[in-house]
Amino acid sequence: MITIDLSGPFVTYSILVALGILGWVWGFRYFVSLGLMTTLAYLIAVQGGNFVVGLINRTYSNLPRLAAFLTGGSTADVAPLGPIIPENLEAPLLLRVLVFVALVAVGIGYSFPWEGKPLGGWGGKRPLRILGALTGLYTAVLLTSAVAIFWREFAPTANVPDMLATALNSLPTWAGIIPSTITAFVITLLIVTVIRFNRVWAVDGGGGGGGGGPKK
C-alpha cells in the first residue's frame, strides 16, 4: 500500500513538475502569456497587499465629490461615501483572491497575438521547449506562493477538510526567492524580445502532435 504524505513536498513538486512538462509541450510562445498574467496577478493581489481594496474604496468614496466637480458644485460641501468593501479580515482578502484568479484566467483563456499554436508532442524546437519548461516552473512557483500566502491569511477563519488543510499548509511561500525570480523572468523576456524583435509578433507554425488546441 502506497501512502502519500501531504504534509511534505509532494504537492509542491507535483505542481512544479506538471507545469514544467506543460510548458515543454506547449512551448515558450504559447505559455509565456500565462507567465505574464500570473506575474501581474501576483504583483497586484499578493505583493500589493490591500492596494486594490484601498483603490476601490477611495474611488467609491469620492464619487459624490467627483459628481459635484463635474456639475459645477462645491466639493467641500459633499460628504464622501463610506467604504464599499468592509475593513474586516474576509472581504479585502476575498477581493484579492478574486482579482488574482481573474487575471490568471485571462492568461489561460485569452489568445495573445504572439502565441500561435501550442507546439504539441515532445520533440523539435528545443529552445522554445526549454524556455517553455522554465516558464512553466516559474509560473508554478508564483501560483504555489500565492496559494500559500492566501491560505495563511484565510486559515484562522476557514473551515476545510483536514486533508486539504494539510496539503495547503505544505505549500511554501517562496518569500526569499520570489523577487529574484520575477526579476529573472522579466530580464529573460527583455533579452528574448531584443534578440527576436523582428519575430515577436510573428506566429510560428505548430510542430509535432498530441498537444491541445489553440485557445478560443
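Helix axes are lines fitted to C-alpha atoms over the stretch in contact, and angles between N-to-C directions run from 0 to 180 degrees.

**Figure 1. Packing of helix α3 against helix α5 in the predicted model.** Helix α3 spans residues 51-61 and helix α5 spans residues 90-109.

**Figure 2. Residues at the contact of α3 with α5.** From α3, the residues Val52, Val53 and Ile56 meet Pro92, Leu95, Arg96 and Val99 of α5. Six residues of this contact are nonpolar and one is charged, with no polar residue.

**Figure 3. Packing of helix α6 against helix α8.** Helix α6 (residues 126-154) packs with helix α8 (residues 178-195) at an angle of about 150 degrees, and the axes are 11 Å apart. The two helices are therefore roughly antiparallel to each other. The crossing of α6 past α8 is left-handed.

**Figure 4. Residues at the contact of α6 with α8.** On α6, the contact involves Leu131, Thr135, Tyr138, Val141, Leu142 and Ser145. Their counterparts on α8 are Ile178, Thr181, Ile182, Phe185, Thr188 and Val192. Eight of the residues in this contact are nonpolar and four are polar, while none is charged.

**Figure 5. Model confidence and the stretch of residues 205-214.** The average pLDDT of the protein is 82, and 87% of the residues score at least 70. In residues 205-214 the pLDDT falls below 50, although the stretch has 20 contacts in the model beyond near neighbours in sequence.

Notes:
Residues are numbered from 1 along each chain as its sequence is written. This is a predicted model: local features need pLDDT of at least 70, side-chain atom pairs count only at pLDDT 80 or more; totals for chains, interfaces and linings use all residues. Side-chain values use heavy atoms; hydrogens and water are left out. Helices (H or I, at least four residues) and strands (E, at least two) are DSSP runs, numbered from the N terminus. Contact means heavy atoms within 4.5 Å. Ala, Val, Leu, Ile, Met, Phe, Trp, Tyr, Cys and Pro count as nonpolar, Asp, Glu, Lys and Arg as charged, and the others, Gly among them, as polar. Angles under 35 degrees count as roughly parallel, over 145 as roughly antiparallel, 65 to 115 as roughly perpendicular and the rest as oblique. A crossing is left-handed if the near helix is turned anticlockwise from the far one by less than a right angle, and right-handed if clockwise. pLDDT is the predictor's confidence in each residue, from 0 to 100.
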